[in-house]
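Please open the model in your viewer and keep the selection panel at hand.

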Number of protein chains: 2
Amino acid sequence: MQDAPKKRRKRPPLSPEGIETAALALINREGLAGFSMRKLGAELGCEAMSLYHYYPSMGHLMDALIDRIARQYLPMPPASLPWRERLRAFCIRWRAVALANPGFFGFLATHRMNTPTALRAIDGVIALIREGTASDEEAARLFRALGYYLMGAGLDETAGYSRGPSTVAPVPAAEMARDYPAVTAAAPWFAPAAREATFLMGLDAFLDGWLGARGQPGV
Amino acid sequence: MQDAPKKRRKRPPLSPEGIETAALALINREGLAGFSMRKLGAELGCEAMSLYHYYPSMGHLMDALIDRIARQYLPMPPASLPWRERLRAFCIRWRAVALANPGFFGFLATHRMNTPTALRAIDGVIALIREGTASDEEAARLFRALGYYLMGAGLDETAGYSRGPSTVAPVPAAEMARDYPAVTAAAPWFAPAAREATFLMGLDAFLDGWLGARGQPGV
DNA sequence: TCGAGCTGCCTTACATCGTAAGGTAGTGAC
DNA sequence: GTCACTACCTTACGATGTAAGGCAGCTCGA
């Protein structure tokens, strides 16, 4: 009755590359809550436990995913551009990667990023910032504060206070207009189509404010 | 053998108030991953299922916690202060509440906030911002962009890329200095003691930049 | 006084989760 | 031939959220 006389090679062998690609795809499709080792195994045509041959635990897999996302932040904008343009371009890429990984970004934002690639990417960004700032201190603080903005922006557009899960039913429009007039007045500019402009306005305001109050040696 | 002849009233009866207080305390003490309905029950001296008498599901409990945190954002700074000072004071309180709820903030930042109290708080902030801006559009965009900064700052100081969990062992100092020189140079200003100043510098830079490029009618 | 209904909490059970422990089939070396 | 090794699977365990139903004590109308 053996219809597969030899070893069943019905699928390509597993590999970290394939596992991580499938994991990211699954997370971005189903959301973080919809992810599990068993579902990932099913996706890949193997048992959940087979994945433990490649990663000691799910946490290690997740760290590998962080590493993989961080890889997209390694290449720096061309040095021919003015410094501020380079920094701006990096921030825009940050947002694009976040939007491309909506399911995973919530995880990334709430977990430590100390994999080798993530550290290299962070090091690269700090070095870039250092070029246009007057001291190590200013570079450190600008990196941090700019990071706050970028982290919050990515989160908001993927899983934040307006898009994340909730058990509460959405408030009907009529009640909304009556009880929350300020929210209602602002709502048109909360639409997804308005988000890119808001992101850029905030980014430029932040850079203007930070660099304007200082000597801006790098501009 | 019954040592408790009548009904055992060895603890006060359950209540939403008590459940939510215990839940927040547990989450802030053990972290989000260390929280479960059974552990919360144990903390309160009841079974996990007893909690379902007060909340249809754990998600509803979590939404109640969001509502409870949002309550702390309802009172607005005194109207006697200049507009910008009021906005600034609100942002500082935002950070304080985040720091007071380190375990829960990671949840709050990645979930929808549409409970009644949260909506009222958001409405209040937008109304405050509207006072000092020239249009509904500007108020909406400033609220959003400022929210990015605040969300990222709270996250970073409670669960973010430098404090969250990870399976990767911390990089030794020697290797750090050799492979990540920019991070090493910046490290002194990444220390917890430096964070408040960084937060305020970023906040003021952002407000300067946003308001400076415009008419600043409210200042 | 008596039950009927209600409130508050508990018991049991189930599907799903991460993963520890160990097995097994195929492959290459000698 | 057999030995070691790689790649993957099987089984099992404890923990989780929660559906379904039970049960004891209170309140209230008759």
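How many salt bridges does the structure hold over all chains? The model, which is a predicted one, holds 26 salt bridges when every chain is included.

**Stop 1: a pair within chain A**

Select Arg29(A) and Glu43(A). These two residues form a salt bridge, and their closest N and O atoms are 2.3 Å apart. Arg29(A) belongs to helix α1 of chain A and Glu43(A) to helix α2 of chain A, so the pair ties together parts that are 14 residues apart in sequence.

**Stop 2: a pair that joins two chains**

Select next Arg144(B) and Asp156(A). A salt bridge links them, with 3.2 Å between the closest N and O atoms. Arg144(B) is located in helix α7 (residues 136–158) of chain B, while Asp156(A) is located in helix α7 of chain A, so this pair joins two chains. Both Arg144(B) and Asp156(A) are buried.

**Stop 3: a pair within chain B, and a network**

Select Arg178(B) and Asp179(B). Their side chains meet in a salt bridge, at 3.0 Å from N to O. Arg178(B) is exposed, having a relative accessible area of 60%, whereas Asp179(B) counts as partly exposed at 33%.

Then return to chain A and select Arg84(A), Arg88(A), Asp204(A) and Asp208(A). Salt bridges link these four residues in a network.

**Stop 4: the contact between chain A and chain B**

Colour the two chains separately and turn to the region where they touch. Chain A gives 69 residues to the contact, and chain B gives 69 residues. The area buried between the two chains is about 6300 Å², and carbon and sulfur atoms give 66% of it. To see where chain A loses the most area to chain B, select Arg144(A), Tyr148(A) and Tyr161(A); together they account for 15% of what that side buries.

Across this interface there are 2 salt bridges, and the count of residue pairs in polar contact is 15. Among the elements that give two or more residues to the side of chain A are α3 (58–71), α7 (136–158) and α10 (192–212). Which element gives the largest share of that side? Select α7(A), which supplies 15 residues. By class, the side of chain A that touches chain B has 38 nonpolar, 17 polar and 14 charged residues.

**Stop 5: helix α3 of chain A**

Finally, select α3(A). This helix has 14 residues and reaches 20 Å from its first C-alpha to its last, close to the 20 Å expected at 1.5 Å a residue. At its N-terminal end, select Ser57(A), which caps the helix: a side-chain oxygen of Ser57(A) lies 3.2 Å from the backbone nitrogen of Gly59(A).

Why is α3(A) described as largely enclosed by the rest of the structure? The reason is that 10 of its 14 residues are buried. The buried residues of α3(A) include Leu61(A), Met62(A), Leu65(A), Ile66(A) and Ile69(A), and also the charged residues Asp63(A), Asp67(A) and Arg68(A).

Technical notes:
Residues are numbered from 1 along each chain as its sequence is written. Chains are lettered from A and ligands numbered from 1 in the order in which they are written. This is a predicted model: local features need pLDDT of at least 70, side-chain atom pairs count only at pLDDT 80 or more; totals for chains, interfaces and linings use all residues. Side-chain values use heavy atoms; hydrogens and water are left out. Contact means heavy atoms within 4.5 Å. Buried area is the accessible area (1.4 Å probe) that two parts lose on being put together, summed over both. A polar contact is a pair of N or O atoms within 3.5 Å; within protein, one must be able to donate a hydrogen and the other to accept it, and residues adjacent in sequence count only if both atoms are side-chain atoms. Helices (H or I, at least four residues) and strands (E, at least two) are DSSP runs, numbered from the N terminus. The expected span of a helix is 1.5 Å times one less than its number of residues. Buried means under 20% relative accessible area, exposed over 50%, partly exposed in between (1.4 Å probe, protein chains only).
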